[in-house]
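Here are my notes on the model you sent over, written as numbered points. Please read them with the structure open beside you.

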Amino acid sequence: MQQQTLIFILFWTLFTGFLHAQTATLTGKVTDQTSGEPLIAATILAGAKGAVADAEGIYTVILEPGTYKVEISYVGYQPLQQMITLADGETKTLDAALSS
């Protein structure tokens with residue numbers, strides 16, 4: 001009985017370790033370069049995932065660790081493109097001041 005309990009605990013520990021997803025966070029604020037006003041609903045793309053900036057120009061994208069080409073754009077403005085690398089558990093801030 002003790003051996004079965006030990007095997008179950010060992011299996012459960014290993015199994016839940018595999019279920020833990022590795023994630024990283026990209027966050028920032030998108031503003032107009034001249035006025036500093038937030039660009040509401042600016043589009044942020046990082047690989048196949050993306051986000052839209054909120055009323056304060058703030059966005060957050062949850063990603064797997066890795067290297068991504070990030071594009072931040074807004075209608076009538078020059079887009080920003082930048083490569084970033086994120087490690088497991090890392091939160092990186094990428095603010096963007098776009099020019100029209």
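1. Let me start with a term for later: rings of Phe, Tyr and Trp (its six-membered ring) pair if their centres lie within 6.5 Å, and planes under 30 degrees apart count as stacked, over 60 as edge-to-face and the rest as tilted. A search of the whole structure finds 1 aromatic pair. The ring centres of Y74 and Y77 are 5.4 Å apart and their planes stand at 70°, so this pair is edge-to-face.

2. A word on the basis of these notes. This is a predicted model, in which local features need pLDDT of at least 70 and side-chain atom pairs count only at pLDDT 80 or more, while totals for chains, interfaces and linings use all residues. Residues are numbered from 1 along each chain as its sequence is written, and side-chain values use heavy atoms, with hydrogens and water left out.

3. Now the overall plan. The protein has 1 helix and 8 strands; helices (H or I, at least four residues) and strands (E, at least two) are DSSP runs, numbered from the N terminus. Along the sequence the pattern reads α-β-β-β-β-β-β-β-β. Of the 100 residues, 26% count as buried, where buried means under 20% relative accessible area, exposed over 50% and partly exposed in between (1.4 Å probe, protein chains only). The protein exposes about 6800 Å², and carbon and sulfur atoms supply 58% of that area; the areas come from the Shrake-Rupley method with a 1.4 Å probe, and for residues only the protein chains shown count as cover.

4. Contacts tell you how the chain folds back on itself. Contact here means heavy atoms within 4.5 Å. Among contacts between residues at least 6 apart in sequence, 51% join residues at least 24 apart.

5. Of its 9 residues, 8 are buried, so β1 is largely enclosed by the rest of the structure. Two strands pair if DSSP finds at least two bridges between them. β1 and β4 run antiparallel and are joined by 6 bridges, with K29 partnered by I58 in β4. With β7 (residues 91–93), β1 pairs in the parallel sense over 3 bridges, and T25 stands opposite T91 there. The pairing of β1 with β8 is parallel too, over 3 bridges, and T31 has A97 in β8 as its bridge partner.

6. Next, the open sheet. Its 4 strands have the order β3-β2-β5-β6, with antiparallel pairing. β3 (49–52) and β6 are the edge strands, each pairing on one side only. Neighbouring strands in this sheet are turned by 20° against each other on average, direction ignored; the axes are lines fitted to C-alpha atoms, for helices over the stretch in contact, and angles run from 0 to 180 degrees between N-to-C directions. Between β2 and β5 there are 4 bridges, and A46 has V70 in β5 as its partner.

7. Which residues touch the most other members of the largest nonpolar core? In this core of 20 residues, they are L26, V30, I44, Y59, V70 and I72. The elements giving two or more residues to the core are β1 (24–32), β2 (43–46), β4 (58–63), β5 (66–73), β6 (80–86) and β8 (96–98). A nonpolar core is a set of buried Ala, Val, Leu, Ile, Met, Phe, Trp, Tyr and Cys residues joined through side-chain atoms within 4.5 Å. Leaving aside neighbours within four places in sequence, the contacts of I72 include V30, I44, Y59, L80 and L98.

8. S73 lies in β5 and is partly exposed, at 23% relative accessible area. Not counting residues up to four places away in sequence, S73 touches A42, T43, P79 and L98. S73 and A42 are 31 residues apart in sequence, yet their C-alpha atoms are 5.8 Å apart in space.

9. Finally, a backbone detail. A41 has a positive phi of about 70° although it is not a glycine. A41 sits in the loop between β1 and β2, and at 41% relative accessibility this residue counts as partly exposed.
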